[in-house]
Amino acid sequence: MGHNGFPKPCEHKYCGLGRHCVVDEETGLGECRCLDQCKPHYKPVCGSDGQLYPNHCELHRASCLRAQNITILHNDDCFYKGKSSAWYQCGMDCVHSEQLRP
């Protein structure tokens with residue numbers, strides 16, 4: 001609750017994945033904006049746009065920034081794991097796991 005007994009502008013506002021609520025300084029209202037950054041968490045996912053993302057958050061953030069619906073693909077065609085390292089394929093690109101690390 002705010003100091004006047006009313007809920008804060010972002011207290012009950014759900015913005016969706018890859019977004020968060022920010023109070024507009026001019027209006028005092030809560031508005032949804034794309035996340036500035038995600039926590040560094042390494043669990044790669046393939047997106048429906050053919051791109052490989054370091055984690056779910058980065059996929060949803062990219063979806064927000066591009067104003068494009070990007071979903072997570074869970075299929076066997078996405079990940080190829082070798083004996084000593086992992087290769088990931090999303091769309092036509094094949095990326096080694098070390099290229100994704102921050």
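Visitor: How much of the contact in this chain is between residues 24 or more positions apart?
Guide: Among contacts with a separation of 6 or more, 27% are between residues 24 or more positions apart. Keep in mind that this is a predicted model.

Visitor: What makes up the chain, in helices and strands?
Guide: You get 1 helix and 8 strands. Going along the sequence, the pattern reads β-β-β-β-α-β-β-β-β.

Visitor: And what share of the chain is buried?
Guide: Of the 102 residues, 30% are buried. As for the surface, the accessible area is about 7500 Å², with 51% of that belonging to carbon and sulfur atoms.

Visitor: Let's talk cysteines. How many disulfides are there?
Guide: The count is 4. We can walk through some of them, starting with cysteine 15 and cysteine 32.

Visitor: How do you know that cysteine 15 and cysteine 32 are joined?
Guide: Their sulfur atoms sit 2.1 Å apart. The cut-off is 2.5 Å, so a pair of sulfurs within that distance is called a disulfide. Cysteine 15 and cysteine 32 therefore pass.

Visitor: What handedness does the link of cysteine 15 and cysteine 32 have, and why?
Guide: The torsion about the S-S bond is about -80 degrees, so this disulfide is left-handed.

Visitor: Which parts of the chain does the pair of cysteine 15 and cysteine 32 tie together?
Guide: Cysteine 15 is in the segment before β1 (19-23), while cysteine 32 is in strand β2 (residues 30-34), so parts 17 residues apart in sequence are tied together.

Visitor: What makes cysteine 34 and cysteine 64 a disulfide?
Guide: Their sulfur atoms are 1.9 Å apart, and the rule asks for a pair within 2.5 Å, so they qualify. Cysteine 34 belongs to strand β2 and cysteine 64 to helix α1, so this pair ties together parts 30 residues apart in sequence. The torsion about the S-S bond is about -90 degrees, so this link is left-handed.

Visitor: Are cysteine 38 and cysteine 57 buried or partly exposed, and why?
Guide: Cysteine 38 has a relative accessible area of 12%, so it is buried by the under 20% rule.

Visitor: What about asparagine 55, where is it found?
Guide: Asparagine 55 is in the loop between β4 (52-53) and α1 (56-66). At 4% relative accessible area, asparagine 55 is under 20% and therefore buried.

Visitor: What does the side chain of asparagine 55 reach?
Guide: The backbone oxygen of histidine 41, at 2.6 Å. Beyond its neighbours within four places in sequence, asparagine 55 is in contact with residues including Lys39, His41 and Val45.

Conventions. Residues are numbered from 1 along each chain as its sequence is written. This is a predicted model: local features need pLDDT of at least 70, side-chain atom pairs count only at pLDDT 80 or more; totals for chains, interfaces and linings use all residues. Side-chain values use heavy atoms; hydrogens and water are left out. Helices (H or I, at least four residues) and strands (E, at least two) are DSSP runs, numbered from the N terminus. Buried means under 20% relative accessible area, exposed over 50%, partly exposed in between (1.4 Å probe, protein chains only). Contact means heavy atoms within 4.5 Å. Accessible areas come from the Shrake-Rupley method with a 1.4 Å probe; for residues, only the protein chains shown count as cover. A polar contact is a pair of N or O atoms within 3.5 Å; within protein, one must be able to donate a hydrogen and the other to accept it, and residues adjacent in sequence count only if both atoms are side-chain atoms.
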